[in-house]
Amino acid sequence: MRVPLGINMIVHGWAKVTNIPGTMRYFDGLGVPHFLGYLAIIAEFFGGIGLLLGCISRIAAFGVACTMITAIFERHVEYGYLMNWHGALPYGTEGWEQHTLAIGIAAGIMIAGAGALSVDQLLAKLFAGKSAHRVPDLEVAHALRAQRT
């Protein structure tokens, strides 16, 4: 789940990263302070990279979810839920359907983590010296330690 969300966020963030002055003008038109605009750029582009790699994925997912919630209320809520699938509405008048999908996926990542094939899992294994999912081993270690004392 994190890979498609990461790719989606990188694509949307890339447009902002490669044109920061234009992005800030756009946010000015929405009344979004520049500080929050920079946070959106970081969350979309760098959060997308984090999700794609599974690196600090819970933090990246939180940033993406916050950005999507803000986008819903700052830009898309007035156009209704559904996207502009048939092009009947003017450009930029999409609903918030895609945003709810992103929020749902991000919530799942915040709860469950990045999964087995991720930098997060690799680091957990390196720092723990074994699989982070092997909690019974920890219980055995505590029991052995208690027997020694």
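This briefing describes the fold, cores, surface patch and selected side-chain pairs of one protein model.

The model is predicted, so local features require pLDDT of at least 70 and side-chain atom pairs count only at pLDDT 80 or more, whereas totals for chains, interfaces and linings use all residues. Residues are numbered from 1 along each chain as its sequence is written, and side-chain values use heavy atoms, with hydrogens and water left out. The protein has seven helices and zero strands, where helices (H or I, at least four residues) and strands (E, at least two) are DSSP runs numbered from the N terminus. Buried residues account for 32% of the 149 residues; buried means under 20% relative accessible area, exposed means over 50%, and partly exposed lies in between (1.4 Å probe, protein chains only).

**Overall fold**

- From the N terminus on, the order of elements is α-α-α-α-α-α-α.
- Of the contacts between residues at least 6 apart in sequence, 58% join residues at least 24 apart; a contact means heavy atoms within 4.5 Å.
- The accessible surface of the protein is about 9,500 Å², and 70% of it belongs to carbon and sulfur atoms. Accessible areas come from the Shrake-Rupley method with a 1.4 Å probe, and for residues only the protein chains shown count as cover.

**Nonpolar cores**

- A nonpolar core is a set of buried Ala, Val, Leu, Ile, Met, Phe, Trp, Tyr and Cys residues joined through side-chain atoms within 4.5 Å.
- The largest nonpolar core consists of eleven residues, namely L5, M9, L51, A60, A61, V64, A65, M68, A102, A106 and I109. Two or more residues of this core come from each of α1, α4 (57–76) and α5 (97–112), and α4 provides the largest share, five residues.
- A second, separate core has five residues, among them M24, F27, V32 and A40.

**Helix α4 and its surroundings**

- The buried residues of α4 are S57, A60, A61, G63, V64, A65, T67, M68, A71, I72, R75 and H76.
- These buried residues pack against α1, α2 (20–30), α3, α5 and α6 (119–128).
- Leaving aside residues up to four places away in sequence, A60 touches G47, G50 and L51.

**Nonpolar surface patch**

- V3, I7, V11, F35, L36, L39, I42, F46, I49, L52 and L53 form a nonpolar patch on the surface, with about 980 Å² of accessible area together. Patches are made of residues with over 30% relative accessible area and no salt bridge; like charges are joined within 9 Å and nonpolar side chains (Val, Leu, Ile, Met, Phe, Trp, Tyr) within 5 Å.
- At least two patch residues come from each of α1 (2–17) and α3 (34–53), and α3 gives the most, with eight residues.
- I42 lies in helix α3 and counts as partly exposed at 46% relative accessibility.
- I7 lies in helix α1 and is partly exposed, with a relative accessible area of 43%. The C-alpha atoms of I7 and F45 are 9.2 Å apart in space, although these residues are 38 residues apart in sequence.

**Salt bridge**

- The structure holds one salt bridge, defined as a side-chain nitrogen of Lys or Arg within 4 Å of a carboxyl oxygen of Asp or Glu.
- In this salt bridge, the side chains of K16 and E44 meet at 3.0 Å, N to O. K16 lies in helix α1 and E44 in helix α3, so the pair ties together parts that are 28 residues apart in sequence.
- K16 counts as buried at 18% relative accessibility, and E44 counts as buried at 7%.

**Aromatic pairs**

- Rings of Phe, Tyr and Trp (its six-membered ring) pair if their centres lie within 6.5 Å; planes under 30 degrees apart count as stacked, over 60 as edge-to-face and the rest as tilted.
- By this rule there are four aromatic pairs. One of them, between Y26 and F27, is tilted, with 5.8 Å centre to centre and 50 degrees between the planes.
- Y26 is partly exposed at 41% relative accessibility, whereas F27 is buried, with a relative accessible area of 8%.
- The rings of Y81 and W96 have centres 4.9 Å apart and planes at 85 degrees, so this pair is edge-to-face. Y81 and W96, 15 residues apart, are both in the loop between α4 and α5.
- Y81 is partly exposed, with a relative accessible area of 38%, and W96 is partly exposed, with 25%.
- Ring pairs also link W14, F45 and F46 into a cluster.
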